[in-house]
Amino acid sequence: MNQNQPTELLKYEIVIVDDAADNLKLLSDMLAIEGYSVFPADSGEMALQRIETNLPSLILLDVMMPVMDGFEVCRRLKADERTLDIPVIFISALDDEVSKLSGFRAGGVDYICKPFRKEEVLARVKTQLSIFQMQIDLKTRNENLQNEIIRRTQAELALEKRIIALTLPLENSMAMAFDELFNVEEIQHLQDQFAEAFGVASLITHTDGTPITRPSNFSNFCQNIIRCTEKGLKNCMHSDVVIGSHNPDGPTIMPCLSGGLWDAGASITVGGKHVANWLVGQIRNEVQDEDKLKEYAREIGANEAEFMRAFYEVPSMPLEQFHKISEMLFTMAGKLSDMSYQNAQQARFINGKKIAESALKQSEEKFRNFFENSPIGITITSPDVILQNNIAFCVMLGYSEYELLNKDWREITHPEDISKANAVLISILKGQSQTARLEMRYLHKNGHVVWTDVSTSLQQDINNNSTYFITSIQDITVRKRAEDSLRKFKMGIENSADAIFITEKDGTIEYINQAFEEIYGYPSSEVIGQTPRILKSCLYSLSYYEQVWNTLLSKRPVRDEIQNKAKDGRLISVGTSNNPIVDDQGEIIGFISINRDITERKKAELALMESEGKFRSLTQSTPMAICIYQGDNFVYTNSAGETLTGYSAEEIYRMKYWEIADPAYQLKIKAMGEKRLKGTAPEGSYEFQIVTKEGFLKWVYLTGSTIIFQGKPAGILSIVDITERKEAEQTLLEAEEMMEAFFDQSLDGFFFMMLDEPIEWSGLTDKEQLLDYAFSHQRITRINQAMVDQYGATMDQYIGLTPNDMFAHDITYGKRQWHKLFDNGKLHAETDERKRNGEQIILEVDYTCLYDSQNRITGHFGIQRDITQNKIAVETIKSERKLLRTLIDHLPDAIYVKDKEGRKMVSNRFDVENSGLYHEAEVLGKTDLELYDAEIGSRSYQDDLKVIQTGEAILNRHEVFEDKNGLPLWLSTTKLPLFDQRGKITGLVGIGRDITEQKKSQETIQKLSKSIEQSPSTIVITDTKGNIEYVNPKFTEITGYTLKEVMGKNPRILKSGEMDANTYKVLWETISSGEVWRGEFLNCKKNGELYWEWCTMTSLKNEEGVITSYIAIKEDISTRKQMEADLIIAKEKAEENDRLKSAFLANMSHEIRTP
């Protein structure tokens, strides 16, 4: 690989197909060195197999190959949609025109003749790869464009659906869906906040239990255990339906019918119609039956251990507190119900609409940029007219965007292609295909034909109704012209009356036309292979011919009039035009010579010279174009004709006389010209348009008659340029049409009110009398549909109305408005008027007085728009803001809003109190640096800046402040960034919840927990059924059992069997009655060793006095018991010793006393 070539070329694979191994290797090496990935194939079959599995970027294809030639290979590739767009360059030794045309017809994009030059091959390959890449990019951009159009359409339909839903009367609320009435994401946010604030799970469902929102704060027990089983999920949804059923008297509070946790539900209604359930809960109750829970786990197929572990992870809450939360839920659901359609949702929808409009505007801007900047023409059309088009299409056809708007596409389509295009359109509309591609011709504004490659597809709405066509149009005129020029060139040469021959680079003749044989008498067999020397007349010197040859070798043409010798020896006068033929690199590859027999012309020239001199003197002095045509061609024009058309005389003479006309007039000009030559044309003049050489259209006025020119009938034409007059007429007409369209199509009401007679309004006139006259004699003379719609009337009902009619409800008010109008000549105001049915309507109006030449008022022109709904919306928003502020001020948490500098803009009552102040005015406009002491203020201010600058929220951070009395004040702080509609951070909103008491409770609990953990006594806590819930480390140290081993088990595992059963009965009766039991136990350790315990056992009760668990505090008294036993034994031994001692002394005494 050439190190100087970019490695990106490796992404292009080129398949080379040639049955000649030498050519295949030469081309492969040539392209590989340049950095391309190459696959050589020595047959068409091998190439097709490769292409079937690996699509290349380009194919170099030989023509002459056995079995399957290159043309057939190309036709098969173009018949396959997968390979249709892969460029094919033919490279062949066949260099005749027929072969080249066959290559292009088969679908080739280029044709290179062998032997080829390396530079030529590389240049053409690079060019076609660039075009191929641009086509791929264009296809991608077109697909993106269609996706954008579809996305915009869907957004507009969704917005329209919301508008329809929110404008339905309440009696039609049964047709409304929840997500049509609410912004689900906003409701989701409210639900998340509710769940987070109250520590409960939350979910909003349809009335059948199907979720609308995502679960908030769901426990692992419900989310990942129960609801992950089919039966558990079914039971949960059934429970949601039951708990969320419509209950206007309050929330439904009950254990879940699935997992048994406490849940509550409130219904959301619209106009009395139940549309959704708002559910909260997943709160554990300490009295749930563990055996039943395990049984339910087995019933739904859940893992029993995971089920119970997850159950005990669920947070517990007193039922009284949960009842309060449920009441709050019911209140909020009721507010949503009441406000959903009439108040809150209207304001929310207005805000949502603004956001949607902004998003749509941005989307439209992106779409517009993509649409307008596409290099390919793109149109959006109905079946008949153009609805939208881009700049590329305007440039392609020479029209402005306005000229093409709402234009029937058939008007710019070539007449011969209309039926073909109609057939494609009908096929798509009938559903026979969704897209189509064809080549068709458009008509440029200046009249010339533009060949295009058209791809169109039908867009449908969500109901599969046809909406519009999106069409991409690529200009292929250059290619078509090249093909047409090649065809015409060959036909022109063959049919030319001039003798034409072509030579190789060394001058050897390789082609002559039929006229050559007729003029010089040589058949082609005698000329091919010869040089032009066979035509020498010997009248010219050798130096003349050397000069001609050297001029041609310098790549310059040679034109002259000379005499050549025919085969029979005749001298023939010819006008010669000799030109070098060069390739794309500018190298000479041959020569072409055109010889026109001018023998007869030479004779006539002498006779005409004098007559033409007089005629030319006359015609050249007139500013009017004078032209003469004979047959189909012009034979004369004066300089004014050249100026008018932009063509030189020589160029005009090569044109048909009707070709200077715009295509729309050519048939008429041709027909009139033919009649004129026959002498049957009617006398008179007419106007039409011509197309200048620069492509501009000009209007001309033509007068013609018949003359005899050079002995034959000819037409002589005098042509005057009337373009400026026509353009002035057209400009005036377009201005009038635009004004009419603006008046009729405006969304604002337009009208004219004209006085029967003009009035003079000045300080010298009786203005009250003039107002009386105006109110009776000023009438609506013209009105557009928009204004009629504002009043709910028809045109007939409003034409002729006077101010007395319009202000019948308040004539005095109307005259005050008219007085202002006539005083100032114009008026901008909001007026209170009435519709035809008497309904009030508030209008924003702009009136402008009309005056005659004497400065008298003749009437006025008015523009007005209905702002009634805007007024209502503004009042609604004010009310909603007041309600929102009331809610914020009465929430138990501190709530505040800060700007991007950290200054407080909103501060509710609790936030003001937390700041140690008394009024919101003392807080507003200040940062935390100003409100708190140095360390606290700096910390809080830095947090504010971080949230505002990074957009990262602070969630539930525990922070300590000082209250008014200087005591610690613990807050759970959340700070969230605020964004505007463009996504830019404008500040933050903060929530601070007082958790001081919670912190104190946690500290107390922590102390108690440490005391229990470090206690020298054994501590056991059980539930009300006696199942162990907790043991401290001392328990494990004494008994040998770990917490995991005894959790959920009964303390009877310690029984030694040595204790009386009545002891346990008395114990249970004592503690169940709430009393304290004390006593001793002889228990058994895990290793079987017996030990004595002194136990104090009692019950633990909740706030209502209900026993929730039992606690036992036990002390190991085995050592003491052993000491007591030892003392008893020692005592018994001492007593025995005393007894023996007494007996011994008694015996001794007896012995002593006995002689």
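Bear in mind that the structure on screen is a predicted model. M624 sits in the loop between α21 (599–620) and β20 (625–630).

Next, go to D632, in the loop between β20 and β21 (633–637). Its relative accessibility is 34%, so D632 counts as partly exposed. D632 and W658 are 26 residues apart in sequence, and their C-alpha atoms are 8.1 Å apart in space. Leaving aside neighbours within four places in sequence, D632 is in contact with M655, K656, Y657 and W658.

From the surface, move to the inside. Select W818 and F822, the residues with the most contacts inside the largest nonpolar core, which has 31 residues. To see where this core comes from, colour the elements that give two or more residues to it: β25 (749–759), α26 (767–777), β26 (778–783), α27 (785–791), α30 (811–824), β27 (826–834) and β28 (840–851). Among these, β28 provides the largest share, five residues. Then look around F822: not counting residues up to four places away in sequence, F822 touches I759, W761, L771, A774, Q778, C849 and I857. A second, separate core has 24 residues; select L181, W278, V280 and L336 to find some of them. In soluble globular proteins, nonpolar side chains tend to be buried together.

Select helix α34 (residues 934–950) next. How far apart are its end C-alpha atoms? They are 24 Å apart, which agrees with the 24 Å that 17 residues should span at 1.5 Å a residue. Within α34, the buried residues are I936, G937, S940, Y941, D943, D944, L945, V947 and I948. To see what covers these buried residues, show elements including β30 (894–899), α33 (928–931), β32 (954–962), β33 (968–979) and β34 (985–994). Following α34 is G951, which has a positive phi, near 80 degrees.

The last stop is S1109, in strand β39 (residues 1107–1116). Is S1109 buried or exposed? S1109 counts as buried because its relative accessibility is 8%, and buried means under 20%. Show what lies around S1109: residues up to four places away in sequence aside, it touches I1021, T1022, D1023, T1024, E1029, S1099 and L1100.

How values were computed. Residues numbered from 1 in each chain as written. Predicted model: local features only at pLDDT ≥ 70, side-chain atom pairs only at ≥ 80, totals over all residues. Heavy atoms only, no water. Helix = DSSP H or I, 4+ residues; strand = E, 2+ residues; numbered from the N terminus. Buried < 20%, exposed > 50% of the residue type's maximum accessible area, 1.4 Å probe, protein only. Contact = heavy atoms within 4.5 Å. Expected span 1.5 Å × (residues − 1). Core = buried A, V, L, I, M, F, W, Y, C linked by side-chain atoms within 4.5 Å.
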